[in-house]
Amino acid sequence: MPTGAAARRAILELLDHRAPGKTICPSEAARALSGDQFRDHMDLVRDAAWELADEGAIEVTQHGEPVKRASVRGPIRLRRT
């Protein structure tokens, strides 16, 4: 069973392989953790993303703009700060 620490690592590793300013979808990190069963781990990945955002390591975005957790409705993307 994947952990929050594994989800954080997956997010950061995927972003390390993207050009500066490029984003990933949280589902990419969930797939890296569990393949076809990724949907079961989306909440874990989203929570890890918000933790990383709170620490200033990444930004959570919608339509290319940083967002706060309380205001998010719909799909999000993740990028390095």
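Q: In this predicted model, which range of angles counts as roughly perpendicular, and which word then describes helix 1 and helix 3?
A: Angles of 65 to 115 degrees count as roughly perpendicular. In this predicted model, the axes of helix 1 (residues 4–16) and helix 3 (residues 42–54) cross at roughly 70°. Helix 1 and helix 3 are therefore, relative to each other, roughly perpendicular.

Q: Within what distance do the axes of helix 1 and helix 3 come?
A: Two packed helices are described by the angle between their axes and by the distance between those axes. For helix 1 and helix 3 the angle is roughly 70°. The axes come within 9 Å.

Q: Which residues of helix 3 are met by helix 1, and how do the residues of the contact divide?
A: Helix 1 takes part through G4, A7, R8, I11 and L12.

Q: What arc do the buried residues of helix 1 cover around the axis?
A: The buried residues in helix 1 are A6, A7, A10, I11 and L15. They lie on the same side of helix 1, because the arc they cover around the axis is only 165°.

Q: Which elements do the buried residues of helix 1 pack against?
A: Helix 3 is one of the elements that the buried residues pack against.

Q: What span does helix 3 reach from its first C-alpha to its last?
A: Helix 3 has 13 residues, and at 1.5 Å a residue the expected span is 18 Å. The span in the model is close to that, at 18 Å.

Q: Which elements are included in the cover of the buried residues of helix 3?
A: In helix 3 the buried residues are M42, V45, A48, A49, W50 and L52. Their cover includes helix 1, helix 2, strand 2 and strand 4.

Q: Is A48 buried or exposed, and what is its relative accessible area?
A: A48 is found in helix 3 and touches G4, A7, R8 and I11, not counting residues up to four places away in sequence. A48 and R8 are 40 residues apart along the chain, yet their C-alpha atoms are separated by 5.4 Å. Buried means under 20% relative accessible area. A48 is buried, with a value of 1%.

Q: Which residues does H41 touch, not counting those up to four places away in sequence?
A: H41 lies in the loop between helix 2 and helix 3. Its relative accessible area is 9%, so H41 is buried. Leaving out residues up to four places away in sequence, H41 touches M1, P2, A30 and S34.

Q: Is H63 buried or exposed, and what is its relative accessible area?
A: H63 sits in the loop between strand 2 and strand 3 (65–66). Phi of H63 is near 55°, a positive value in a residue other than glycine. Exposed means over 50% relative accessible area. H63 is exposed, with a value of 83%.

Q: How far apart in space are T3 and G21, C-alpha to C-alpha?
A: T3 lies in the segment before helix 1 and is partly exposed, with a relative accessible area of 41%. In sequence, T3 and G21 are 18 residues apart. In space, C-alpha to C-alpha, they are 27 Å apart.

Methods: Residues numbered from 1 in each chain as written. Predicted model: local features only at pLDDT ≥ 70, side-chain atom pairs only at ≥ 80, totals over all residues. Heavy atoms only, no water. Axes fitted to C-alpha atoms, helices over the stretch in contact; angles between N-to-C directions. Helix = DSSP H or I, 4+ residues; strand = E, 2+ residues; numbered from the N terminus. Parallel < 35°, antiparallel > 145°, perpendicular 65-115°, else oblique. Contact = heavy atoms within 4.5 Å. Buried < 20%, exposed > 50% of the residue type's maximum accessible area, 1.4 Å probe, protein only. Arc of directions from axis to C-beta. Expected span 1.5 Å × (residues − 1).
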